[in-house]
Amino acid sequence: MFKLKTLVAATAISLGMSATAMAAGTVTFGVQAPITGQYANEGQGIEKAVKLLAKQLNDKGGLLGKTVKVVSCDDEGKATQGALCARNLSNQNVFAVIGTYTSGAAGAAQPIYARANILQTSDGTAEQLTQHGYKLFFRNAPPNSAEAKFTGEYLVKGKHYKRIAVLSDHSSFSKGLGDAVDEAVKKEGGNVVFRGYINAGSQDYRSVLTTVKSKNPDVIYFSGYYSDGGLLRSQEKDLDINADFVGGDANQNVKFAQIAGQAATGTVIVNVPAPENLPYKEAKDFLADYKSMYGELPPSIFTLTNADGMRAIVKAVEATKSFDPNKVADYLHNLRNFPGITGPMGFDKHGERLGSAFQAFEIQPDGSYKTVYPTH
Amino acid sequence: MEIFFQQLANGLTVGSIYALIALGYTMVYGILKLINFAHGDLAVLGAFIGLTVITSLTGAGAAPSHWVVILAFVVAVLVVAIAGVLLELTAYRPLRHAHRLSAVVSALGASMLLENGIMLIWSPQTLTFPEGILPSTNYVIGGVVLNSTQILIVAISFLLMLALYLYVNKTRFGTAIRASAIDQDAARLMGINVNRVIVSVFILGPALGAIGGLFIGIYYRQAVFDMGWIYGLNAFIAAIIGGIGNIPGAMLGGLLLGLFNSLAGGYISSTWQEAITFALLILILLVRPTGILGERVAEKV
């Protein structure tokens, strides 16, 4: 009898969940992020940022009077786990999902959130994420194409490199960015002497670097992630290759310099500005709050673009006074010049982020970044 | 040609690390006919313990002194050898006479326990090793760049393998190890304490594995809790290529695997590097099912 009662109660709750969730005065934000595994650093940053924003909202009386609750799911940066997380979070009736970090996991989760009518904002930079026509998806970081265009210009017009080698790993993000840079360099009239791949996480890249060396490049561009980028740079020096090293945005992480060691000095990374170099008031405030709550700075800019994704959704909810995902999405598609932590932002009708300035930073001997391009 | 020799040098370094780890698989298999799937994780445990010793005794940013490095190796070897013995006592000995599959499942469980234990103790993030643990100077010989860390790793690995070979083949206890590998019951009748032999194998294998793991950390300057899987797999393949159960076979298999990996990555495709390696494994097993040196049963341990 007792069991039957519980069952009836459970059914009642699950049937009336969406209605009761509203009435009960809580709104749930999901975090889908690689909390363990290779990109644990980034995933934990995203989770911390969302929890901080939720706390700030709750301290001010919640969102439209509702308490903000955060539930997390660890996708380990993998597509298969991403799909599992999407089902898991959908079943918990989340209103919006912040994350995830890798394009593969974000892409796998997209159709599931779309079917469940859940807002999703990710920093995944693979081009196709905004090309599926999912109305509730918003990319909070600039896509590969914007970065590739800038990188091509920097390599060919800014530095006048004559022999460019392009390396990627096999993730959809890295391959997409590498291909786009390859194309952008050629469009600028540059010369790509080598286009190759590494197997991310395999740690030994000396064999491919030896092949690169035989092509005698004056720069190696790597479109993958920091853990491999740092190793590539240190092994490049071990093999006495004198080419400069330029890394794509996912190389911007304090671990890059730790892994590359002394070889990190002089390495250039193309990205939107580092958290501590952001000139905006919103950034300074957020970093101060983050530091006082966690005793450390966010691991990378992607913590902040995801925070901006959540802030934009919150802004849209407040402006439309509604938790209807479609109304919120309509508002976001017309958002312009919203004061983001990572600069003024908005979204176009495909959910693509508007407004971002890429820069090229050089790693200094003390590990800090110095902007070297554009020079103004 | 320079490129070829460069790839040889690259492959030799990784290969000697694979060989060190492969020895642990092959020695345990030789005596117990058991694949110790937790062996890769024991090697990684060595890397983490060595790193902890080095970072706790050295200030941030400074290069560790020789004594700290030696101490790191000694502590890593001791702790991992103890872990190996505990593993044998708790996970394998109670199943000695059980069905073969039970021991395999127990081995896989031990592997997960170690991997997750490492994650809980040292965090799921990638840890970085400081620079300058082993001297790192580039020597250019005929266009081939040799790094002193590489040279040291290869030299120490070869010395250790030679020492193990001599120990197993020239000493009294080594004879007992070989005898137990051939026939445990007969060895017992000859007065050999087979349990002691088994414990010794679970000291020697993990100890060499710990050194291999610490080499990986020093060479690539990073350690992740789950890297035991891929290094364990590679070392396991190395043991099979050489003929599992055969000590010189594990050494040969490790070196061949490293060289082949490097040449395949350099000359064929870095994308297909690992696929090509597995194809090689299948090919060798088709031609020689017992591995390259596998049939010399008299020497197997």
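This is a predicted model: local features need pLDDT of at least 70, side-chain atom pairs count only at pLDDT 80 or more; totals for chains, interfaces and linings use all residues.

Residues are numbered from 1 along each chain as its sequence is written, chains are lettered from A and ligands numbered from 1 in the order in which they are written, and side-chain values use heavy atoms, with hydrogens and water left out.

Begin by selecting chain B together with chain A: 33 residues of chain B are in contact with 33 residues of chain A, where contact means heavy atoms within 4.5 Å. Next, select H1(B), helix 2-32, which gives the most to the side of chain B that touches chain A, with 5 residues; helices here are DSSP runs (H or I) of at least four residues, numbered from the N terminus.

Now turn to the largest cavity, with a volume of about 250 Å³. On a 1 Å grid over the protein atoms alone, a cavity is a set of points where a 1.4 Å probe fits but cannot get out, and lining residues have an atom within 4 Å of a point; the volume is the space filled by probe spheres set on the points, which are joined across faces, edges and corners. Select Ser202(A), Asp204(A), Tyr18(B), Asn261(B) and Gln273(B), the closest to its centre of the 17 lining residues. H1(B) returns here, giving the largest share of that lining, 4 residues.

Finally, select Tyr101(A), Asp123(A) and Phe302(A), which are among the residues that line the second largest cavity, where about 70 Å³ of space lies.

Definitions and conventions
Helices (H or I, at least four residues) and strands (E, at least two) are DSSP runs, numbered from the N terminus. On a 1 Å grid over the protein atoms alone, a cavity is a set of points where a 1.4 Å probe fits but cannot get out, and a pocket is an open set with protein on both sides within 12 Å along at least five of seven lines; lining residues have an atom within 4 Å of a point.
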